[in-house]
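Colleague: Please take me through this model, term by term. I want each label set against its cut-off.

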Amino acid sequence: FDGPALPAILRELRDVRYLGRVVLSLDKASAADFDRARRALAELPAPSTVLWHDGPRLRSVYETLVAGQLTIGEQGKGRSCWMAAGYVLAEQHCKVIVLHDSDITTYDRSLLARLCYPVTNPSMGYDFCKGYYPRVSQGRMHGRVTRLFMTPLIRSLYRMVGHHDFLVYLDSFRYVLAGEFSMRTELARVNRIPGDWGLEVGTLAEVYRNTSVRRVCQVALLDRYDHKHQALSADDASTGLLRMTVDIAKSVFRTLASEGLVLSAGSFRTLAATYVRTAEDTIKRFRDDAMVNGLDFDIHSEELAVATFARAIDIAGQQFLADPLGTPLIPNWNRVISAVPDAFDQLKNAVDRDNEG
């Protein structure tokens with residue numbers, strides 16, 4: 001709310017009349033922050049709700065879920081998105097859930113419409129829609145994790161293991177790490193969610209597992225997209241893009257292992273070497289692309305990013321070998337209701353009472 005992005009998003013949403021509800025997932029916020037958010041959303045035409053994850057009522061719900069022997073992950077984006085989806089499911093009024101970040105500085109209401117339309121139009125028959133967009137702003141390319149890590153990683157794995165349906169599926173997305181997607185509530189109810197930076201890839205893996213690829217699509221959202229940029233943090237695996245890429249790589253490795261692929265220490269050594277060669281070739285293509293389009297291009301920073309991401313693969317491989325299962329995914333809501341039958345009632349009651357002020 002202090003930056004330009006979210007207030008501009010809310011101004012755009014004031015003219016949108018087709019939403020059943022707007023839900024803002026609010027983490028690490030004081031009571032004053034929550035009240036400020038609640039008053040800001042009250043200006044929207046659609047019913048609006050703020051999930052105050054640090055509030056005593058919602059913390060009590062979390063404690064109940066933990067007491068029911070459910071692994072709900074650490075506080076963060078994954079758990080916040082999961083709980084927000086749970087609230088929509090508890091309300092039972094909406095058939096489609098749309099999720100997008102709140103730090104998009106180039107937001108336009110057309111982004112929301114394009115993201116909704118393929119899943120809401122009954123003649124199309126899609127269960128899940130993923131957004132994509134160009135990551136170019138201020139005369140330079142962004143999106144390093146997708147450009148220099150995710151795409152080369154997928155194609156390196158493909159070169160190593162040969163044709164694999166899940167890798168083909170991931171490689172088909174124009175912007176695999178985009179945080180914008182929509183899905184039918186039936187799918188949201190059965191999907192599990194990673195509690196770390198593997199959220200986007202983990203969500204795609206659950207969609208792959210729980211519906212047909214024929215019912216999955218992607219759509220261009222904006223001609224120009226910009227949001228907050230993460231620091232590389234080349235020397236600190238606990239933060240920044242290094243931590244993000246470690247979590248993403250582990251999510252990919254564990255999904256492939258669940259598909260029956262054997263990954264050994266030798267596999268990861270080969271993967272690291274293959275990745276570096278593939279990523280270096282990718283740098284040249286993007287350098288040429290930048291030259292054709294008159295964009296600034298810093299080869300040194302691109303090479304530094306590749307070296308950092310190669311380290312992420314090594315760290316992720318070591319952590320995978322030490323613990324192939326890793327931290328369990330946050331369970332789907334069907335399992336939650338099985339363990340805590342009145343979980344939806346508790347969640348809805350807590351959130352509604354918070355928002356009544």
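**Sheet, helices and spaces**

Modeller: Helix 9 (residues 199-210) lies across strand 4 (128-132), strand 7 and strand 8. Helix 9 runs at about 150° to strand 4. This is a predicted model: local features need pLDDT of at least 70, side-chain atom pairs count only at pLDDT 80 or more, and totals for chains, interfaces and linings use all residues. Residues are numbered from 1 along each chain as its sequence is written, and side-chain values use heavy atoms, with hydrogens and water left out.

Colleague: What makes strand 3 and strand 8 edge strands?

Modeller: Two strands pair if DSSP finds at least two bridges between them. Strand 3 (96-99) and strand 8 (216-220) each pair on one side only. The open sheet has four strands in the order 3-7-4-8, with mixed pairing. Strands here are DSSP runs of E with at least two residues, and helices are runs of H or I with at least four, numbered from the N terminus.

Colleague: How do you know that strand 3 pairs with strand 7?

Modeller: Four bridges join strand 3 to strand 7 (residues 181-184), and the two run antiparallel. The definition asks for at least two bridges, so they pair. V98 has S182 in strand 7 as its bridge partner.

Colleague: Why is helix 4 called roughly perpendicular to helix 14?

Modeller: Helix 4 (residues 77-91) and helix 14 (residues 343-355) pack at an angle of about 100°, with axes 9 Å apart. Angles of 65 to 115 degrees count as roughly perpendicular (under 35 roughly parallel, over 145 roughly antiparallel, the rest oblique). Therefore helix 4 is roughly perpendicular to helix 14. Axes are lines fitted to C-alpha atoms, for helices over the stretch in contact, and angles run from 0 to 180 degrees between N-to-C directions.

Colleague: Which residues meet there, in helix 4 and helix 14?

Modeller: M83, G86, Y87, L89, A90 and E91 in helix 4 meet F344, L347, K348, V351 and D352 in helix 14. Contact means heavy atoms within 4.5 Å.

Colleague: What makes a space a cavity?

Modeller: On a 1 Å grid over the protein atoms alone, a 1.4 Å probe fits at the points but cannot get out. Lining residues have an atom within 4 Å of a point. A search of the whole structure finds one cavity of 30 Å³ or more. L157, M160, V161, L263, S267, F268 and L271 line the largest cavity. Helix 6 and helix 11 each give two or more residues to that lining.

How values were computed
On a 1 Å grid over the protein atoms alone, a cavity is a set of points where a 1.4 Å probe fits but cannot get out, and a pocket is an open set with protein on both sides within 12 Å along at least five of seven lines; lining residues have an atom within 4 Å of a point. Grid points are joined across faces, edges and corners, and a volume is the space filled by probe spheres set on the points.
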